[in-house]
Amino acid sequence: MTSQNRAAALLKAGREKAVFQGHPWLFSGAVAALESTPSAGELLDVLDSGRRLVARAFYNPHSQISLRVWSYPHEKAPFAELFRVRLESALLCRRALLSDENCNAFRLLNSEGDFVPGLIIDNFAGHLVLQPLAFWVEVHLDEIKNALLDALETRFEVKSMRLRVEEDVIKHERLTLKSGVFYGEALDEVEIIENGLRYTVDLAGGQKTGFFFDQRETRALVGELAAGRNVLDLFCYQGGFGLNALKSGA
């Protein structure tokens with residue numbers, strides 16, 4: 001049964017299987033019909049071919065990914081409340097990093113990996129860079145900002161928030177958001193610490209959000225393996241692998 005006054009997407013027979021398997025995306029070819037005329041970024045009930053509620057998802061008529069699954073029937077909290085729950089869960093997973101004096105920068109929210117499909121948030125020593133990958137982020141940006149300020153106030157100072165919006169996302173998702181600072185200090189460069197090493201990061205013009213945090217543990221491992229060896233670091237961007245190797249005595 002759908003929620004009262006909520007628009008719905010009816011799936012083709014068998015397409016609900018992806019939802020049950022935990023996949024967060026439903027492509028346009030999976031949708032048999034739309035009930036009502038939903039707008040981009042709207043949260044819809046997702047119904048199987050028997051009209052049973054299987055999920056709630058953000059809709060975008062302009063994207064090949066028509067529906068990004070946000071919640072399941074047992075999760076009845078409104079967006080702002082559920083986003084805060086997901087954010088707190090992500091912070092719990094990063095509790096070791098939050099207390100590590102040798103690391104003040106890391107991926108705070110990892111999109112689908114933290115059950116928030118379409119949003120990446122990186123922390124650069126209190127300067128947050130948000131990378132929206134889906135239109136719904138534009139609709140809920142104020143709620144996202146408020147949740148971040150509330151959740152982080154006892155953990156570290158949020159000095160700024162910046163959007164980094166890539167051109168292909170603007171094209172495919174029809175985002176109207178622009179890259180730039182929307183809260184706090186408008187700094188283009190910041191100094192961060194990772195694995196005890198200091199880096200200057202270009203938040204305004206660096207690749208992606210400015211730094212590749214997904215390689216943090218790999219950089220440390222390469223440093224350990226490189227001890228006492230001669231190392232050639234090619235295509236090194238900010239030199240993370242080479243610097244970890246140097247620190248270890250390469």
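Arg68, Glu112 and Glu173 are linked in a network of salt bridges. A salt bridge here is a side-chain nitrogen of Lys or Arg within 4 Å of a carboxyl oxygen of Asp or Glu. The model is predicted: local features need pLDDT of at least 70, side-chain atom pairs count only at pLDDT 80 or more, and totals for chains, interfaces and linings use all residues. Residues are numbered from 1 along each chain as its sequence is written, and side-chain values use heavy atoms, with hydrogens and water left out.

In total, 14 salt bridges are present. In one of them, Arg155 pairs with Glu88, with closest N and O atoms 3.0 Å apart. Arg155 lies in the loop between α5 (141–152) and β10 (160–163) and Glu88 in helix α2 (residues 79–93), so the bridge ties together parts 67 residues apart in sequence. Helices (H or I, at least four residues) and strands (E, at least two) are DSSP runs, numbered from the N terminus. Arg155 is partly exposed, at 34% relative accessibility. Buried means under 20% relative accessible area, exposed over 50%, and partly exposed in between (1.4 Å probe, protein chains only).

Arg219 also bridges to Glu194, the closest N and O atoms being 2.9 Å apart. Arg219 belongs to helix α7 and Glu194 to strand β12, so this pair joins parts 25 residues apart in sequence. Both Arg219 and Glu194 are buried.

Aromatic pairs number twelve. Rings of Phe, Tyr and Trp (its six-membered ring) pair if their centres lie within 6.5 Å; planes under 30 degrees apart count as stacked, over 60 as edge-to-face and the rest as tilted. The rings of Trp70 and Trp136 have centres 5.8 Å apart and planes at 45°, so this pair is tilted. Trp70 lies in strand β6 (residues 65–71) and Trp136 in helix α4 (residues 136–139), so parts 66 residues apart in sequence are tied together. Both tryptophans, Trp70 and Trp136, are buried. Arg86 lies over the face of Trp70, 4.6 Å from the ring centre. The criterion is NZ of Lys or CZ of Arg within 6 Å of the ring centre and within 35 degrees of the ring normal.

Ser71 is also in strand β6. Ser71 is buried, with a relative accessible area of 2%. Leaving aside neighbours within four places in sequence, Ser71 contacts Ala55, Arg56, Leu82 and Arg86. Contact means heavy atoms within 4.5 Å.
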